[in-house]
Structures are given as structure tokens and as C-alpha cells.
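Student: I have not seen this structure before. Could we go through it by asking what the terms rest on?

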Amino acid sequence: MPVPPNTTPATAIAITSLPFSATITAADFNLAPASGSVSTCFTPRHTVWYVYTAPVGSTAIGMTVSDTSGNAGFSGWIGPTSAPVQIPQACGFVGGAMMINTTPGTPLYLALDGATATVTADVTFDVIAAPNAPTPAGSLLVTHDVPGFPTAILDATNGDVLRILGLPACEIGDVVPSGVLCLLGEPESPTWNANLASAITLYDTNLNLIATNTSLLIANQSSVSPMRSDGNATFYILCRLNSPSVTPGVLKTISSAGAPGATTWTLPVDSALAVGMAPSRDGTICYYSQNTGGHGIVHAYDLIGLAPLADLVDLGASTTVGRDILILATDDILVPYNSGGSAFVKRFNPAGALQATYNFGTNSGTARYAVDPDGISLWGMSFPSSGVSRYRHVLIADGSTLVTFDEFNWEPGRTNHGLTFGASASCPLIVLPEATALAGTLIVTKVTDPVMPSRTFAFDASETLTPVYFELQHGDEQTFEDVPAGDGYSITERAAEGWETTYNVSNGGTHDNITIGAGEIVTVTVTNTVPYEAIVRLRRSPHVNAEKIRLICRRFEIDLQQGLGTIAGVTGIPALADPTIMLRVSRDGGNTWGDEIQMHAGAIGEYAARTFATNLGQGRDFVFEVSVSDPSAAWALVNAYANFQKGTS
Amino acid sequence: MGILPGFVGPASTLRSPNVNDEELINWMVSAAPSGTPKAPVWLCPTPGYHPFLALGQGPVRGVFEQDGVAFAVGGGNLYKVLSRQIARGIAISPAIRTDTRPTTFATFNKATGHQLIFPSGNLLYLYDYVSDTLVNVPLDWPVTMVDFIDGRFLGLEALTNKFHWSDLENGLSWPSLNFAQLVQSSDNIVALKAIHGQIWLWGTKTTVVWDDVGGLQVFAPIPGSLMQQGCAAAFSVQVIDNAPFWLGSNEFGAGKVYRGQGVGAVPIVVSTSAVDYDISKAHDLSGCVAFTYEQEEHAFYVLYIPGRPWHWAYDVTTREWHKRARWDPVAMQWTPDLPWVHMYAFGKHLVGARNSDVLYEMSVNFGSNRVVV
């Protein structure tokens with residue numbers, strides 16, 4: 001679709017559905033900066049704005065930008081308001097992509113503008129919905145440390161993105177065999193700040209939040225502190241102090257239920273610079289730091305005897321080590337490091353003797369790894385300063401490579417739209433020990449019109465929901481959490497006499513076949529309305545006779561307030577319509593009655609309407625009966641007139 | 001074409017429809033007395049009902065408003081009715097013995113007193129505005145009706161010809177000697193109401209008016225006030241247009257609607273032959289309940305008669321009767337109208353449903369009803 005130039009937040013192009021694709025011409029980008037340009041990365045250029053509002057219940061979206069020449073310079077900004085905050089990773093990405101956490105219902109503004117003096121090629125801009133597929137055990141959780149970016153779960157066989165989550169940014173994390181995930185949150189500030197205390201968040205196997213602890217860590221014991229689980233249900237955090245750097249580190253624990261441990265340990269001074277740490281099963285803790293000579297050293301400390309043990313490994317000079325050193329079941333020690341532009345993991349035995357070296361690629365950067373649940377293989381990632389990240393699955397036994405993929409595909413079959421997850425180089429990979437269920441939330445809300453808080457309404461839910469029976473009053477909610485994604489759910493209100501019931505399912509389904517997506521929050525609003533009840537009004541006239549002489553009624557007419565139409569309210573009767581007035585005529589003194597005859601009082605504005613009936617038969621004793629039920633202000637009856645012709649007998 | 005004589009007229013269905021079968025349901029005769037109207041009278045729609053709030057317990061047995069504070073008794077609960085359409089229960093409240101009858105209220109809410117009383121199940125209940133507490137006032141006599149006059153609460157003792165009064169401004173204190181017994185007549189008192197500073201006491205056959213005479217005697221009958229017209233239904237007694245109206249009974253019969261003409265003056269019958277004939281079809285007149293209200297130039301006395309398919313409404317202004325009812329389109333028949341008690345509160349006419357816990361707003365601006373089951 002052609003993109004008009006000179007868009008601003010106020011004239012942002014609305015993205016109404018996903019996927020969305022547009023081509024922005026180089027000529028558009030090369031226009032002079034327009035009002036609304038937000039570029040700060042490069043020389044301000046013309047900016048093209050988009051806005052997308054994610055439906056309630058939706059998750060992250062992805063934005064990919066590609067170009068045909070490979071040198072198109074453009075940058076992007078995203079934000080929740082018309083004045084979006086620039087995200088550094090969105091600035092100057094080339095031929096790449098990014099994912100954005102969306103807040104359902106809140107407009108998200110996307111801005112692209114030229115990032116070089118002259119853009120040389122047209123740019124294709126795609127916005128696509130995030131995947132939300134099942135994630136079996138063994139899937140690879142890729143964390144990130146940039147606020148606003150999502151967390152991804154990858155298919156371990158090919159790197160496809162299976163699911164996108166809105167987990168918070170974190171610098172370090174781990175998982176225990178039960179599946180509980182612990183993330184040490186990145187300090188949430190406009191720029192990363194190691195001196196801020198950060199949150200610890202715990203998630204169950206379905207990646208639902210279990211607990212948040214914001215008090216265990218204090219300022220200067222930041223998110224860069226090493227953290228590992230002990231293989232049971234406890235997470236250890238070595239609070240590496242950033243300032244002053246010579247202060248000993250303090251080791252703290254938190255249970256998988258979120259309870260801080262009662263014991264803390266103060267480790268030797270060299271722990272103050274530890275960047276990696278791993279508890280072992282024999283009451284010791286290993287941590288990695290560089291000594292004054294620049295050597296990377298893996299130290300050990302006796303948590304029971306409260307004394308340092310002999311150093312385990314000396315990696316030598318000029319080695320840069322990642323944070324996640326690891327103790328295997330054999331007590332072998334895994335240490336990632338970077339050397340010569342390649343990323344490696346070295347395995348040492350408990351005595352510190354090198355057992356194996358695993359090469360994770362020639363891209364420069366530090367290897368990250370995660371041990372498979374069975375402990376026989378490891379994942380690694382080498383993160384480049386430019387180019388693509390590389391994931392590699394390696395057998396510990398012989399170093400053979402099981403699978404390698406570079407980045408991953410946003411959608412199967414769209415290999416040209418790769419996707420990165422922000423600056424995740426320093427973040428761990430986590431192999432999920434259990435499949436995460438795809439679950440959503442179903443909320444039933446009750447509304448009565450008019451508001452009648454004291455009325456209770458009974459509901460039946462489909463058998464797969466718990467509870468299957470519940471009651472609500474106006475303003476109440478019934479929430480079903482962790483509802484497996486799928487369809488066929490139903491919420492049905494039991495018949496409530498005197499109330500009309502309507503259902504509104506937020507994702508467009510019907511109340512008897514509700515579909516819930518993973519992570520989706522579906523709200524069923526059940527509204528009970530007191531129906532309008534017609535007021536029937538009736539007037540029966542006195543007898544009309546002429547001493548038993550036969551009368552022929554030629555015409556009967558009513559003088560009333562014509563031309564006011566109907567009042568909205570009663571079902572089936574439109575507003576301002578022509579109100580109906582019914583006439584029955586008895587020609588025998590009210591004993592028997594003829595069929596009803598419809599007369600009309602005039603729709604809105606028909607002030608000159610005449611309400612009459614003609615040729616009403618003959619008899620010796622007439623009685624007229626008029627009745628109305630349409631809601632109208634017309635029913636001010638002034639008089640009635642009749643035209644009788646007198647017979648001869 | 002000539003005017004159809006009498007087309008604008010009251011409900012006047014007689015025993016013989018061949019004489020008169022005029023019907024008027026949910027329309028009322030309205031007069032156009034001033035200026036030069038097209039017609040001197042016309043048919044005006046009666047009001048509709050929209051829910052104001054639901055109390056939680058029904059039926060709505062009584063409603064009361066004074067000085068911006070409104071109450072309702074629903075089933076066995078007293079509620080404060082708030083203008084924002086919320087009914088709030090009383091913070092501390094005993095279980096109220098309920099009955100199927102409406103109730104009456106009396107209040108004195110000043111620096112002292114700050115009390116509201118009402119009877120229910122022959123017991124007396126007192127609400128304290130300050131402590132937001134409802135208590136059962138222990139009495140050794142069954143009370144059926146209350147009122148307030150000259151600083152004293154009044155209580156009618158059931159099935160006797162006695163009434164009682166409290167200490168000054170204190171509904172908690174009812175000295176055992178603070179009672180009076182009718183001496184001019186021997187019938188039981190059915191209803192009691194303070195009107196124009198005097199106490200009207202309706203018996204089953206007679207009516208007498210008492211006055212505050214002060215001293216130890218406190219109250220005494222007004223000489224010459226005895227009227228040979230009693231009351232058939234306690235809760236049919238209502239005041240409108242500065243006069244009491246009630247469903248009468250006397251030693252000769254029952255079932256006419258009367259208007260009091262003053263102390264000792266012979267009450268006049270305001271019901272018509274059609275009304276009297278319809279009332280005669282009711283099996284038990286004691287359950288009749290009336291409410292009164294004013295709307296624009298009209299003043300109404302509306303009578304609910306158990307067993308009849310409509311309310312009868314008397315327009316004191318035009319002196320014409322009409323019926324109020326709901327049409328059941330399934331059963332194809334009329335059913336009685338919703339309300340049986342009324343209060344004017346928050347600038348609205350609020351009526352209590354006789355068969356549910358709902359308080360409705362009543363307005364001629366509603367072209368249709370919204371009825372909560």
C-alpha cells in the first residue's frame with residue numbers, strides 16, 4: 001500500500017489487522033524532515049508513523065523491516081503514546097526485526113525514518129502477530145535484558161519461535177527440575193543501572209507468576225549478580241557488589257516458592273567481582289572472578305565450614321568469562337569464555353583438569369549455555385557484534401553437534417525475516433524441563449440494567465471449567481485461570497425470570513462455544529436487562545343509541561396528540577414510528593365485538609395526521625373501545641367524533 | 001360529524017353493562033379548567049414504573065421520607081434508601097418479625113430523640129439515627145400502627161380499643177399508664193392517624209377524634225367528634241388534599257370509599273356505583289391498601305384491593321375514578337398494578353412493590369414499564 005509522506009503521530013497510519021505489510025519508498029524517506037520526526041540517532045529525516053492497538057487478550061507483536069538493497073538506512077522507534085520513547089535497539093537496525101511487547105487496548109506507535117543521509121532503496125515494513133504454539137519439554141527459553149522486549153521460547157529442533165511471552169527483562173535466571181523459573185530482573189530504568197536493586201520473579205511451569213521479591217536485593221547488589229539453582233528447589237544469588245568493588249559478596253537464597261532463606265554467607269573479597277557462580281551438591285559454592293593478574297579463576301567456598309577452598313580452575317590471562325559457570329552431576333565444571341573471536345565452553349573435572357572444549361562458533365562474543373535436563377548435552381549461543389546469533393546444541397560426551405541454527409525464523413517459511421531479541425548476549429538460555437501449558441484466562445462479568453446489586457444470577461460452566469456452577473450479582477466477576485487453550489468452552493446463565501440475557505464474548509465468540517488462546521484473557525460479559533413492558537391503555541365509550549332506531553356508523557375519529565411518534569424502549573417498536581391505536585366496535589351494546597381495526601396517531605412530525613376508521617357497520621346500540629400499547633406521548637385523548645346515519649326502523 | 005358524548009369519562013362499569021359499561025384503564029380524566037381549552041376534560045396517560053432499586057427482601061412493606069432521609073421496610077429488614085439508588089441495611093439490627101401487612105412510620109429526628117419507629121409482626125422496632133442501630137422495643141401489648149404527635153409517639157394496640165403514647169421524644173419509653181381506651185363506642189380501633197394535630201381513630205363501625213388536652217390525661221376525645229362510619233381496612237386510611245380517605249365499614253355494610261369532612265362531620269362517599277360494585281367482588285376487604293400522592297394538578301387516592309385485577313384510583317381534583325393495571329399478554333387478562341406504598345423522595349415519586357423487593361420510580365414520563373421480577 002502506498003504510504004503518504006509527512007505523517008505525524010496525529011496522522012499516523014492505523015494498522016487495523018495483522019499481518020500488516022507496507023512498502024515505504026526511498027523517496028519518502030529522503031524527503032526533508034517533517035514535523036513529527038523523532039530521529040535522534042542520525043540526521044533528522046522524514047518519519048513515517050504507524051499506530052497499532054492490540055486487541056484485549058493478545059500478546060506481543062513483531063515488527064520486521066527488510067530492504068532489497070541491503071543498505072537501506074532507517075531507524076525505528078516504538079512507544080505506547082504519541083511521544084514514544086526511543087528504544088536503542090530499534091535504532092538503525094538493518095534488514096532485521098524486533099519484537100514489541102504490546103499492552104492490549106493501548107495504542108502502540110511505531111515510527112520509521114531515514115537513518116542515513118540518503119536512503120537508496122525502498123523498504124518493506126511488516127508487522128506480524130506473535131506466535132503462540134505449544135512448547136514441549138526441552139524447548140529453549142531465551143531471556144533478554146532490554147525492557148520492552150519479549151521473551152521467546154524456541155523450538156529446539158530448528159529454532160522457530162514457538163511462543164512469545166511478556167516476561168520482564170533479566171540479566172540472569174535459572175530453572176529448577178520442578179520447572180519453577182527464577183529471573184533476576186534488570187533494573188527498570190531508562191538506562192541500565194547496576195546500582196539499582198532489582199526484582200526477583202518466580203514462575204511456575206506454565207510461566208505464570210508465582211511470586212515477586214523486591215526486598216532481598218539491595219542497591220549495589222544488582223541484577224548482574226550471579227545466580228543459580230542448586231538442582232533442588234533453592235536459588236542461590238551471589239550479591240556481587242558493584243561499588244565499592246572490594247567489598248565481599250554476600251550469598252543469599254530464595255526458595256522456589258519465593259521465601260527468602262534464613263542464612264546468608266559472606267564470601268571472600270574476590271567474590272566481590274564474581275560474574276559466575278554455581279552451587280554444588282556437597283555444600284560448596286563455586287564462583288568465578290578475575291584476579292589482579294587478569295586471570296580468570298574459579299574459586300570454591302565451603303558453605304558449611306565457612307571457609308575458602310582451594311581454587312579449582314585457572315583459565316589463564318586474557319579470558320573473558322560468561323556469568324553462568326555450571327557444576328554438572330559429575331561435579332565437572334563448565335566455564336564459558338571468549339577467546340580469539342570465538343566462543344567456547346570448557347569442561348574441567350573437580351580437580352581443575354581440562355576435560356573438553358566445545359566450540360560454539362566463530363562469531364565473536366561470549367558463549368552462553370544451558371544444560372539439557374538429562375545433563376548430557378548443552379546449548380550454547382555465540383552472540384556477534386554484528387551479524388547473526390548462533391545457537392548450537394552439543395553433546396558433552398564427545399563434543400558432537402546435534403543442531404545448529406543461526407537466529408530463528410519468525411514464521412515458518414519466512415526465512416528472510418529473521419528476528420533478534422535485543423541485547424541478549426549476556427543473558428542465559430534456559431532449557432525448559434517441562435512443557436508449558438498453553439493456558440488463558442476466562443472472566444465472566446455480570447451487569448444488570450438497571451443496576452440491581454441484590455439480584456443473584458446462577459451460571460453453568462462447561463465441565464472442563466472449575467467451578468461448573470457459580471452465582472454472580474451485578475458487578476461481580478468469576479475468573480477461571482489457567483484454562484487450557486482451546487475451544488468449546490461455555491458459560492450459560494440459568495433462566496432468570498423477567499430478565500433478558502445477552503452475552504458478549506470479548507474475542508468475538510459465542511457464549512456456548514468460547515475459544516481461548518494461550519495467554520489470552522477472554523471476558524464474557526453477561527448483561528441482564530429488564531425488558532420494557534408495554535402499558536396497555538383502554539377506554540370504552542358510553543352506549544350510543546337513538547331510541548333503538550338503527551344507526552349506520554360512517555366514521556369514527558379520535559382527536560389526540562398526533563405527530564409525536566413512539567418512544568424508544570419496547571422491543572420491536574422503533575422510536576418515532578407511527579403509534580397504533582386499536583379500535584373495537586360493538587353494535588349490540590357491548591355484548592359482542594367486531595375485529596380490531598388499526599388506526600394511527602402519526603409518526604414524528606405528522607401533526608396533521610387523522611386517526612379514524614370508516615364504515616363501521618350498523619346497529620342499534622354502539623359501544624366503541626380504543627386501546628393502545630405503543631409507548632408514546634400521543635395518548636392525550638381530547639375527544640372522539642362519530643358520524644352516524646339514522647336508519648328507518 | 002358530532003362529538004361522541006361522554007367519550008372522555010371515568011371508569012363506570014356497572015353490574016349491568018347494558019346500563020353502563022364505560023371502562024378507563026391506565027388513562028385518567030384530566031381537567032383543563034383555565035383558559036379556553038379545546039375541551040374541558042381529556043384523557044391523560046397514567047404513570048409508568050422503572051426500577052429505582054431493589055432492597056434485597058420483599059415485599060416493600062413501607063416507605064418513609066423526611067428531611068431528605070428515606071427508609072424502606074422490605075420483608076423483615078429496614079433499609080436506608082439513598083439517592084444514588086442504593087439500599088443500605090442497618091449496621092446493627094435484630095431479626096425483624098415480619099408479617100404480610102404494610103407498616104407505618106413515625107419519627108422524631110432532632111437533637112433529642114433521633115428516632116424512627118415502626119411496627120412489624122405486632123412488635124415495635126426503633127431505629128436510632130445516631131448509632132445506626134435498630135432495636136426491638138419491649139412492649140407488653142401488640143402494636144399494629146404508629147404515628148407521632150405533640151412530641152409523643154403513638155401506638156395502636158391490636159384488636160382492642162386502646163392506643164398508647166410514649167414519653168416525650170422517646171420511643172424507647174412507653175409507661176404502662178400512657179394509654180387510653182375509647183369510651184364513646186365499643187368497637188375495636190382499626191387505624192390511627194395524626195391529622196392536623198389531632199388523633200383520628202377509626203373503629204370497625206365508628207370513627208372518633210382525640211386531641212391533646214395536656215395535663216395528666218394528655219389525650220381526650222373531642223366532644224361531638226364521633227362519626228358513625230368505621231373503617232374496613234387499616235391500611236386504606238390515607239391523607240390527601242388535607243382530608244383523610246378510607247375504605248369504610250359500618251354496622252350496615254362495607255366497601256365504600258369515604259372522605260373525612262372534618263371533626264365530627266359526616267364523611268362523604270367518594271366512590272361511585274362502579275367502584276362500589278367492583279369492591280363488592282373482593283372477598284376480604286381488610287387487606288385493602290391505599291397510597292396517596294400528588295402529580296401536577298392532580299391528587300390521587302389509589303386503592304389496592306386483593307383479588308381484583310386492578311387498582312382503583314380516585315383523582316381528588318377531578319373527582320373521577322380510573323383503573324390502573326398491567327396487561328398480561330399471555331394470560332390475556334389484567335393484573336393489579338405494581339405499587340401499594342409511596343413516598344416522595346429525592347424529587348421522585350417512589351413506590352414499593354407489593355409482590356417484590358423493588359422500589360420503583362413512578363412517572364408519567366415513562367411510556368412503558370420496566371418490571372423486575
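Tutor: Start with B:Thr207, which has 0% relative accessibility. The model is a predicted one.

Student: Why does B:Thr207 count as buried?

Tutor: Buried means under 20% relative accessible area. B:Thr207 has 0%, so B:Thr207 counts as buried. The residue lies in strand E21 of chain B, residues 207-214.

Student: Which residues is B:Thr207 in contact with, leaving aside its neighbours within four places in sequence?

Tutor: Among them are B:Trp200, B:Trp202, B:Met227, B:Gln229 and B:Trp246.

Student: What does A:Leu538 touch, not counting residues up to four places away in sequence?

Tutor: In chain A, A:Leu538 touches A:Glu625, A:Val626 and A:Ser627. From chain B the list has B:Glu23, B:Leu24, B:Ile25, B:Trp27 and B:Trp334. A:Ser627 is 89 residues from A:Leu538 in sequence, yet their C-alpha atoms are 4.2 Å apart.

Student: How many residues does each chain bring to the contact?

Tutor: Chain B brings 52 residues and chain A brings 45. Together the two chains bury about 4200 Å², and 58% of that is on carbon and sulfur atoms. On the chain B side, B:Met1, B:Phe7 and B:Arg370 lose the most area to chain A, together 20% of what that side buries.

Student: Why is the size of an interface given as an area?

Tutor: The size is often given as the accessible area lost when the parts come together.

Student: How do you know that B:Glu22 forms a salt bridge with A:Arg539?

Tutor: The cut-off is 4 Å between a side-chain nitrogen of Lys or Arg and a carboxyl oxygen of Asp or Glu. For B:Glu22 and A:Arg539 the closest N and O atoms are 2.5 Å apart, so the pair qualifies as a salt bridge. Between chain B and chain A the count is 6 salt bridges, and 24 residue pairs are in polar contact, both residues at pLDDT 80 or more.

Student: Which strand gives the most to the side of chain B that touches chain A?

Tutor: That is E6(B), with 6 residues. By class, that side has 31 nonpolar, 14 polar and 7 charged residues.

Student: What makes E43 of chain A and E36(B) a pair?

Tutor: Two strands pair if there are at least two bridges between them. Strand E43 of chain A, residues 532-534, has 3 bridges to E36(B), in the antiparallel sense, so the two strands pair. A:Tyr532 stands opposite B:Arg370.

Student: Why is strand E34 of chain B called mostly covered?

Tutor: Of its 6 residues, 5 are buried. Strand E33 of chain B runs antiparallel to E34(B), joined by 6 bridges, with B:Tyr344 opposite B:His349. The two form a hairpin with 2 residues between them, and B:Phe346 in the turn has a positive phi of about 55°. E34(B) also pairs with strand E35 of chain B, antiparallel, over 4 bridges, and a hairpin of 4 residues joins them.

Technical notes:
Residues are numbered from 1 along each chain as its sequence is written. Chains are lettered from A and ligands numbered from 1 in the order in which they are written. This is a predicted model: local features need pLDDT of at least 70, side-chain atom pairs count only at pLDDT 80 or more; totals for chains, interfaces and linings use all residues. Side-chain values use heavy atoms; hydrogens and water are left out. Contact means heavy atoms within 4.5 Å. Buried area is the accessible area (1.4 Å probe) that two parts lose on being put together, summed over both. A polar contact is a pair of N or O atoms within 3.5 Å; within protein, one must be able to donate a hydrogen and the other to accept it, and residues adjacent in sequence count only if both atoms are side-chain atoms. Ala, Val, Leu, Ile, Met, Phe, Trp, Tyr, Cys and Pro count as nonpolar, Asp, Glu, Lys and Arg as charged, and the others, Gly among them, as polar. Buried means under 20% relative accessible area, exposed over 50%, partly exposed in between (1.4 Å probe, protein chains only).
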